[in-house]
Amino acid sequence: MISTPKEKFVERVGKTAERYERTYMGCSQCTVAALMEALGTKDKNLFKAAGALHSGMCVSGTCGVLTAGLMVLGTIAGRTRLDAGAAGLAPIMKPAQEMVRRFEEAVGSTTCGELSGVDWTDPEDVARFVTTPAHEKCYSVVRRGAEAVAGVIWEAAEELRDCGASGK
């Protein structure tokens with residue numbers, strides 16, 4: 001499914017996500033865009049949906065890089081039909097849990113508020129963050145976090161390839 005070696009794939013996603021964050025901001029969409037580019041796919045609706053996940057779901061919650069990674073993982077290993085029931089949910093559980101674990105290991109937390117130090121519900125705090133160099137701390141979080149999620153996505157795609165499944 002992915003023809004690029006894992007190390008190159010991970011590095012490409014991390015560098016691209018960081019470059020997009022530096023240029024455009026919006027960690028979740030920057031991560032989705034970097035992953036889709038590296039996977040050689042485009043999904044306008046997935047990209048748009050990620051727009052509500054930046055800044056920890058806009059409330060300093062779960063980091064947008066992690067939620068973006070989970071969304072893209074779902075396109076590879078997620079359930080394709082509701083009538084598949086609970087059994088259809090099982091294949092994504094282990095890689096999703098591994099993604100959360102690796103992300104937290106890579107950046108130190110899964111929570112945007114802890115990683116950025118920003119309360120995204122406080123307009124004054126947001127203004128301070130985006131108009132000072134404080135926002136630059138997110139660049140390394142985006143890169144390292146995107147690398148962590150990319151590794152799990154690469155592994156999930158390889159496992160599906162080895163099983164002869166497409167995830168679709």
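At 54% relative accessibility, G117 counts as exposed, where exposed means over 50% relative accessible area, buried under 20% and partly exposed in between (1.4 Å probe, protein chains only). This residue, G117, sits in the loop between helix 7 (112-116) and helix 8 (123-130); helices here are DSSP runs (H or I, at least four residues), numbered from the N terminus. The model is predicted, with local features needing pLDDT of at least 70 and side-chain atom pairs counting only at pLDDT 80 or more, while totals for chains, interfaces and linings use all residues. Residues are numbered from 1 along each chain as its sequence is written, and side-chain values use heavy atoms, leaving out hydrogens and water.

- Leaving aside neighbours within four places in sequence, G117 is in contact with C112 and D125, contact meaning heavy atoms within 4.5 Å.
- G117 and Q97 are 20 residues apart in sequence, and their C-alpha atoms are 25 Å apart in space.
- Now look at S55, which lies in helix 4 (residues 54-60) and is buried, with a relative accessible area of 9%.
- Not counting residues up to four places away in sequence, S55 touches C27, S60, G61, C112 and W120.

**Two residues with positive phi**

- Most residues other than glycine have a negative phi.
- M25, in the loop between helix 1 and helix 2, has a positive phi near 65° and is not a glycine.
- M25 counts as partly exposed at 39% relative accessibility.
- C58 is found in helix 4, and its phi is also positive, at about 65°, although it is not a glycine.
- C58 is partly exposed, with a relative accessible area of 33%.

**Helix 1 with helix 2**

- Helix 1 (residues 6-24) and helix 2 (residues 27-39) pack at an angle of about 140°, with their axes 8 Å apart; axes are lines fitted to C-alpha atoms over the stretch in contact, and angles run from 0 to 180 degrees between N-to-C directions.
- The two helices, helix 1 and helix 2, are therefore oblique to each other, because angles under 35 degrees count as roughly parallel, over 145 as roughly antiparallel, 65 to 115 as roughly perpendicular and the rest as oblique.
- Residues of helix 1 in this contact include F9, V13 and Y20, and those of helix 2 include C30, L35 and L39.
- By class, the contact of helix 1 with helix 2 has 11 nonpolar, two polar and three charged residues; Ala, Val, Leu, Ile, Met, Phe, Trp, Tyr, Cys and Pro count as nonpolar, Asp, Glu, Lys and Arg as charged, and the others, Gly among them, as polar.

**Helix 5 with helix 6**

- The axes of helix 5 and helix 6 come within 10 Å and cross at roughly 155°.
- Helix 5 and helix 6 are therefore roughly antiparallel to each other.
- Among the residues making the contact are L70 and L73 of helix 5 and I92 and F103 of helix 6.
- By class, the contact of helix 5 with helix 6 has 12 nonpolar, two polar and no charged residues.

**The nonpolar core**

- Of the 38 residues in the largest nonpolar core, V13, L73 and F103 touch the most other members; such a core is a set of buried Ala, Val, Leu, Ile, Met, Phe, Trp, Tyr and Cys residues joined through side-chain atoms within 4.5 Å.
- Helix 9 gives the most to this core, with 11 residues.
- Beyond neighbours within four places in sequence, the contacts of L73 include M99, I153 and A156.
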